[in-house]
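Have a look at the fold first, then read on.

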Amino acid sequence: MTTANVKLKMMIVTSLFAAIIGIFAQITIPLPLVPITGQTLAIGLAATILGAKYGTLSVLVYLGLGAIGIPVFAQMSGGLGSLFGPTGGYLIGFLPAAFIIGYYLEKTSYTFMNALIANVIGMFITLTFGTIWLMIFANLSWTGAFMGGFFPFILVGLIKAALAAWIGILVRLRLESAKLLYV
């Protein structure tokens, strides 16, 4: 297979994961300040399956689609207002989270335990970005931002991190054995 064909296939897979993130974003449990969504699970899956480069690129494509107004963010929202609203820090935090998850796995190995560690780290990165942004955006104290934007998401985040690790490694291994993954 030529290098151009491999790049084209990986760009298609990257775009597919951007769409998957957008679909998972519509799975929401509303909370007062920030809803619980399926986005972080999809971010973990993208990074675990695709690695740092293509996982992060899929998040970048997703954020770009949302930024130009395509309703891919939670509750079918889109536009720059979403990126600069109360949930903007979480959205921006997806980028370093995806990169770190993929990078950690590339530097260690693609095992469930490493994927779990990487996804938990990614969860804390996303929550930290979101909480700091929420503190600034909503003019909250550190305690208020932590209680509204971090603490309620820890347990659900750990569950999503475990699911992303388990499903992500399983899918990655299957795609590798079928010679459908070129990372």
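UniProt positions are given here in the numbering used for this chain, with feature names shortened, and such annotations may be inferred rather than shown by experiment. With that in mind, the unreviewed UniProt entry annotates "transmembrane region" at residues 35–52, 59–76, 88–105, 117–138 and 150–171.

The model is predicted, so to speak of local features a pLDDT of at least 70 is needed and side-chain atom pairs count only at pLDDT 80 or more, while totals for chains, interfaces and linings use all residues. Residues are numbered from 1 along each chain as its sequence is written, and side-chain values use heavy atoms, leaving out hydrogens and water.

**Overall build**

The chain has seven helices and two strands; helices (H or I, at least four residues) and strands (E, at least two) are DSSP runs, numbered from the N terminus. Starting at the N terminus, the order is α-β-β-α-α-α-α-α-α. The radius of gyration is 16 Å, close to the 16 Å that the globule rule gives for 183 residues, so the chain is as compact as a globular protein of that length. This radius is taken over C-alpha atoms, and the rule is 2.2 Å times the number of residues to the power 0.38.

Two of the annotated spans can be described further. Residues 35–52 are 78% helix and 11% strand, with end C-alpha atoms 26 Å apart. Residues 117–138 are 95% helix and 0% strand, and their end C-alpha atoms lie 31 Å apart.

**Helix packing**

Axes are lines fitted to C-alpha atoms, for helices over the stretch in contact, and angles run from 0 to 180 degrees between N-to-C directions.

| Helix pair | Angle | Axis distance |
|---|---|---|
| α1 (residues 3–24) and α2 (residues 39–67) | about 145° | 9 Å |
| α4 (residues 88–107) and α5 | about 155° | 8 Å |
| α5 (residues 112–137) and α6 (residues 142–149) | about 130° | 9 Å |

That angle makes α4 roughly antiparallel to α5, whereas α5 and α6 are oblique to each other. Angles under 35 degrees count as roughly parallel, over 145 as roughly antiparallel, 65 to 115 as roughly perpendicular and the rest as oblique.

Where do α5 and α6 meet? Leu127, Thr131, Ile132, Leu134 and Met135 in α5 touch Trp142, Ala145, Phe146, Gly148 and Gly149 in α6, contact meaning heavy atoms within 4.5 Å. By class, this contact has seven nonpolar, three polar and no charged residues. Here Ala, Val, Leu, Ile, Met, Phe, Trp, Tyr, Cys and Pro count as nonpolar, Asp, Glu, Lys and Arg as charged, and the others, Gly among them, as polar.
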